[in-house]
Amino acid sequence: MLFFNKQKYSDIADLLYVAGTIGLHMVSGTFVGFGLGWVMDHYAKKWFDWNTWPWLTMGMLAIGIAAGFRNVYLDAKRFQRRENRDKGPETDDSRRDQD
Amino acid sequence: MEKMHPLLYFDLINNALGVHIPIHVWYTWMAMTILFLCGVLVRSRLSLIPGGLQNFFEIVINGLEDFVVTNVGEQGRTVFPVLCTLFVFIVTMNYIGLIPGCDAPTANVNTNAAMAVFVFLYYNFLGIKRWGFGYIKHFMGPMAALAPLMLIIEFVSHLSRPLSLTLRLFGNIKGEEIVLMLLFFLAPVFSTIPMYFLFLLAKTIQAFIFFILPMIYLKGALEHAH
C-alpha cells in the first residue's frame with residue numbers, strides 16, 4: 001500500500017481493507033432496499049390510500065438483496081484484478097515500492 | 001457510553017459556559033483547529049528544502065496524489081483536493097479518540113453521515129456535470145434487455161453507499177473506544193498501551209478506506225459507462 005514500506009504491514013493492511021469493506025457492502029444494500037420499500041408502502045397508504053402492504057416492502061427487499069450481491073460481486077472483481085496486477089510479470093517488488 | 005468516560009474536557013467547558021453543544025461537535029472543531037494550525041505553520045515557513053512539518057506533509061500528500069493518479073488517471077488530479085481533505089480530516093478526528101480525556105468525533109453517527117452524504121452528492125454532481133443526461137447510462141448495466149431491472153438495482157446500490165460508509169467508520173471507531181474503555185477498567189495502562197499501537201493502525205486504515213471508496217465512486221462516475 002502507501003505508507004507501509006514493509007511487506008508485512010502492507011499485506012495486513014490489504015487484508016483488513018478487504019475484510020472491512022466487503023461484508024458491510026452486502027448488508028447495506030439489503031437495508032436500503034427494505035427501507036425504501038417500507039417508505040413506499042407507508043406513503044402509498046397515506047397519500048393515495050392504497051393498501052399495498054407488505055408487497056412493495058417485500059419486492060424492494062428482494063431488489064435490495066440483489067443489489068447487495070451485486071455490490072459484493074463488483075468488489076470481488078476489483079480485488080481479483082488487483083491480485084492479478086500484483087502478481088503480474090511486470091509488477092514485482094520494485095514496482096510495489098513505487099506505489 | 002459517554003457516561004462511562006471518566007472525564008471529557010469539553011464537558012467541563014460546556015458546564016462552565018452553560019451551553020449544550022454536543023461533544024462530537026466540540027471535538028470536530030478541535031480537529032479543524034489542529035489542521036488549520038498545521039496549515040498556517042507549514043505555510044508560514046515554506047522552503048525549497050523541506051524540513052520538519054513541511055517534509056511530513058509533503059510525503060503524505062505526494063503519496064496520496066500518486067495513489068489517486070495511478071488509480072483514477074490524470075483526471076484524478078481535479079478531484080484530489082477533496083479526497084485528500086477527507087483523509088487528513090478523518091485521520092485527525094480518529095486519532096483524537098486516542099488522547100486521554102477526548103472522544104473521537106467519528107464515534108458518532110452524525111459526523112460520518114454528514115461526510116458520507118457529502119461524498120454521495122459530490123460524485124453524482126460530478127457525474128452529471130461530466131455526462132449530462134447520459135449519466136443515466138451508468139445505472140443501466142451492460143445489457144439493454146435488463147436495463148429497467150438494473151436501473152432499480154443500481155439505484156438501491158448507489159443509495160447503499162453512503163449507508164455503508166457511515167456505518168463502517170462509526171462501528172469501527174466506536175468499537176475501539178469501547179474496547180479501550182473496558183480494558184482500562186480491567187487493567188489500567190498495562191493493557192491499554194499495547195492496544196494503542198493496534199488501534200493506531202486500525203484507525204489509519206479506516207480513514208484510508210474512507211479515502212479509497214469515494215475515489216472508486218468518483219472513478220466510476222467520471223469514466224465511460226461499461
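**Loop of chain A**

I started with Asp49(A), which sits in the loop between α1 and α2 of chain A. This is a predicted model, so I take the backbone angles as computed values. Phi of Asp49(A) comes out near 60°, a positive value in a residue other than glycine. I noted that because most residues other than glycine have a negative phi, and most peptide bonds are trans.

I then looked at Pro54(A), which is placed in the loop between α1 (7–48) and α2 (55–87) of chain A. What kind of peptide bond joins Trp53(A) and Pro54(A)? I find a cis bond there, with omega about -5°.

**Chain B, overview**

I moved on to chain B and counted seven helices and zero strands. Read from the N terminus, the elements go α-α-α-α-α-α-α. I boxed the C-alpha atoms of chain B along the principal axes and got roughly 60 × 50 × 35 Å.

**α2 on α3, chain B**

I took helix α2 (residues 23–44) of chain B against α3(B) and read a packing angle of about 110°, with the axes 9 Å apart. α2(B) and α3(B) are therefore roughly perpendicular to each other. I have the crossing of α2(B) past α3(B) down as left-handed. From α2(B) I listed Cys38(B), Leu41(B) and Val42(B), which meet Leu53(B), Gln54(B) and Phe57(B) in α3(B). Sorting the residues of this contact gave me five nonpolar, one polar and no charged.

**α3 on α4, chain B**

My next pair was α3(B) and helix α4 (residues 76–96) of chain B, which pack at an angle of about 130° with axes 10 Å apart. That angle makes α3(B) oblique to α4(B). I wrote down a right-handed crossing for α3(B) and α4(B). On the α3(B) side I found Ile61(B), Leu64(B), Glu65(B), Val68(B), Val69(B), Asn71(B) and Val72(B) in the contact. The α4(B) side brings Gly76(B), Arg77(B), Phe80(B), Leu83(B), Cys84(B) and Phe87(B). I sorted the residues of the α3(B) and α4(B) contact into nine nonpolar, two polar and two charged.

**α5 on α6, chain B**

How do the axes of helix α5 (residues 109–131) of chain B and helix α6 (residues 147–186) of chain B cross? I get roughly 145°, with the axes coming within 8 Å. The crossing of α5(B) and α6(B) is right-handed. I listed Val109(B), Asn112(B), Ala113(B), Ala116(B), Val117(B), Val119(B) and Phe120(B) from α5(B). They meet Arg161(B), Pro162(B), Leu165(B), Thr166(B), Leu169(B) and Phe170(B) in α6(B). My tally for this contact is 10 nonpolar, two polar and one charged.

**α7 of chain B**

I checked the span of α7(B): its 31 residues reach 44 Å from first C-alpha to last, close to the 45 Å expected at 1.5 Å a residue. I also found a bend of about 25° in α7(B), at Leu198(B).

**Where B touches A**

Last, I went to the contact between the chains, which takes 15 residues from chain B and 22 residues from chain A. On the side of chain B that touches chain A, α3 (53–72), α6 and α7 (192–222) of chain B each supply at least two residues. Which helix gives the most to that side? I have α6(B), with 10 residues. By type, I divided the residues of chain B's side into nine nonpolar, five polar and one charged.

How values were computed. Residues are numbered from 1 along each chain as its sequence is written. Chains are lettered from A and ligands numbered from 1 in the order in which they are written. This is a predicted model: local features need pLDDT of at least 70, side-chain atom pairs count only at pLDDT 80 or more; totals for chains, interfaces and linings use all residues. Axes are lines fitted to C-alpha atoms, for helices over the stretch in contact, and angles run from 0 to 180 degrees between N-to-C directions. Helices (H or I, at least four residues) and strands (E, at least two) are DSSP runs, numbered from the N terminus. A crossing is left-handed if the near helix is turned anticlockwise from the far one by less than a right angle, and right-handed if clockwise. Two residues are in contact if their C-beta atoms, placed from the backbone, lie within 7 Å. Ala, Val, Leu, Ile, Met, Phe, Trp, Tyr, Cys and Pro count as nonpolar, Asp, Glu, Lys and Arg as charged, and the others, Gly among them, as polar. Angles under 35 degrees count as roughly parallel, over 145 as roughly antiparallel, 65 to 115 as roughly perpendicular and the rest as oblique. The expected span of a helix is 1.5 Å times one less than its number of residues. The bend at a residue is the angle between axes fitted to the seven residues ending there and the seven starting there.
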